[in-house]
Amino acid sequence: MTAEPVEAGYEDPEGWAERAAVVYRPLARLLVQRCSPIRFEPGMRVLDAGTGTGLVADALAAAGGLRVVGVDRSAAMLAHRRAARPPGVQADALRLPFADGSFDAWVGAFLLNHLPPEQPLREAARVLRPGGAVLASTWPAVQDDPVKAAIDEVARRAGWVPPGWYGEMKRDLDAVSGDPDRLGALATQAGLVEVEARTVSARLEGPTAAAIVDYRLALPHYTAWRAEAAPETLAAVRQLGAAAVQTILDGEGWTLRMVVLAARA
């Protein structure tokens with residue numbers, strides 16, 4: 001699967017922080033503060049893999065006294081709010097530039113759905129001390145989210161076609177990383193123990209329908225189309241998409257599901 005089109009969507013940190021974070025920020029807090037079996041204590045060395053604009057690092061900061069290091073392939077993402085964030089290293093999660101046993105915990109929010117999961121999990125096991133903790137989140141393999149589906153349908157009618165790499169990712173990677181049983185089995189194969197993988201649900205409150213549409217359009221599989229679409233087309237998609245989303249919010253509301261993996265080295 002070609003990586004370049006995916007990575008191009010992560011070279012706009014300001015836009016990512018302003019739009020995509022509407023959803024990813026509360027999910028980062030949910031992962032770290034409510035879904036984690038880890039007891040984060042002052043002095044712990046925590047690696048935030050795929051840190052992006054630092055949403056997980058912000059959630060970890062609430063624990064207080066942690067020694068967090070962020071890793072990301074995108075220099076642009078690491079540069080965002082540089083002075084207000086923990087140290088960051090530009091590196092690949094598949095080849096971490098750290099010695100064995102360097103960390104007490106490895107956290108990866110929505111990273112394993114972009115990579116064959118076993119490889120980054122093996123690296124996590126390597127850089128963790130014995131007993132160190134792994135905590136990760138991914139999207140479920142079966143996507144039955146009415147909000148995302150409604151926005152995508154409006155965009156399709158306006159000419160958006162999902163890029164080929166996106167279909168490959170959903171078929172080849174999400175089917176593994178988004179299945180708790182398969183993900184848990186891969187974690188065990190990667191040398192981790194006390195493995196637990198489960199699906200959790202969270203009702204998302206607060207974001208407006210318009211903000212939710214902007215979140216969706218900020219994602220990498222929309223980047224190329226968004227850059228080429230006429231302004232009036234984008235305006236129409238935002239308007240019609242927000243109306244469709246508002247109908248859902250007024251009805252059953254928006255409940256997001258994510259797969260959470262917890263394990264130890």
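Analyst: Keep in mind that this is a predicted model. A place to start is F98, which is buried, with a relative accessible area of 17%, and since the cut-off for buried is under 20%, F98 falls within it.

User: OK, and which ring does F98 pair with?

Analyst: F98 and F103 form an aromatic pair of the edge-to-face kind, with 5.0 Å from centre to centre and 85° between the planes. F103 is buried as well, with a relative accessible area of 5%.

User: How many aromatic pairs are there?

Analyst: The count comes to ten aromatic pairs. One of them joins Y24 and Y215, again edge-to-face, at 6.1 Å centre to centre and with 65° between the planes. This pair links distant parts of the chain, for Y24 belongs to helix α2 and Y215 to helix α9 (residues 209-217), 191 residues apart.

User: Are Y24 and Y215 buried or exposed?

Analyst: Both Y24 and Y215 are buried. They also belong to one aromatic cluster, which is formed by W16, Y24, F110, W139, Y215 and W254.

User: What else is Y215 in contact with?

Analyst: Leaving aside neighbours within four places in sequence, Y215 is in contact with R19, A20, V23, Y24, W139, K148 and W254. Of these, K148 lies over the face of W139, at 3.4 Å from the ring centre.

User: Switching to the core: how many residues does the largest nonpolar one have?

Analyst: The largest nonpolar core has 58 residues, and those with the most contacts inside it are Y24, F40, V46, Y215 and M258. Helix α2 (residues 13-34) gives the largest share of this core, ten residues. Apart from it lies another core, of 27 residues, including V69, L111, L128 and V134.

User: And the sheet, what's the strand order there?

Analyst: It is an open sheet of seven strands with mixed pairing, in the order β3-β2-β1-β4-β5-β7-β6. At the edges stand β3 (88-90) and β6 (193-203), and because each has a single partner strand, one side of each is left without a neighbour in the sheet. On average, neighbouring strands of this sheet are turned by 20° against each other, direction ignored.

User: In which sense do β1 and β4 pair?

Analyst: Strand β1 (residues 45-49) pairs with strand β4 (residues 103-109) in the parallel sense, over three bridges. Within this pairing, V46 stands opposite A105 in β4.

User: Which helices lie across the strands?

Analyst: Among them is helix α5 (residues 118-127), which lies across β1, β4, β5 (128-138) and β7 (255-264) and runs at about 150° to β5. Another is helix α8 (residues 180-189), which lies across β5, β6 and β7 and runs at about 150° to β6.

User: Which residues other than glycine have a positive phi?

Analyst: Most residues other than glycine have a negative phi. Here, F110 has a phi near 55°, and E194 has a phi near 50°, both of them positive values in residues other than glycine. F110 lies in the loop between β4 and α5 and is buried, with a relative accessible area of 10%. E194 lies in strand β6 and counts as exposed, at 61% relative accessibility.

User: Last one: what does S137 touch?

Analyst: S137, which lies in strand β5, is buried, with a relative accessible area of 0%. Not counting residues up to four places away in sequence, S137 touches L31, G108, A109, F110, L111, N113, M258 and V259.

Note on methods:
Residues numbered from 1 in each chain as written. Predicted model: local features only at pLDDT ≥ 70, side-chain atom pairs only at ≥ 80, totals over all residues. Heavy atoms only, no water. Pairing = 2+ DSSP bridges. Helix = DSSP H or I, 4+ residues; strand = E, 2+ residues; numbered from the N terminus. Axes fitted to C-alpha atoms, helices over the stretch in contact; angles between N-to-C directions. Contact = heavy atoms within 4.5 Å. Core = buried A, V, L, I, M, F, W, Y, C linked by side-chain atoms within 4.5 Å. Buried < 20%, exposed > 50% of the residue type's maximum accessible area, 1.4 Å probe, protein only. Phe/Tyr/Trp six-rings, centres within 6.5 Å; stacked < 30°, edge-to-face > 60°. Lys NZ or Arg CZ within 6 Å of the ring centre and 35° of its normal.
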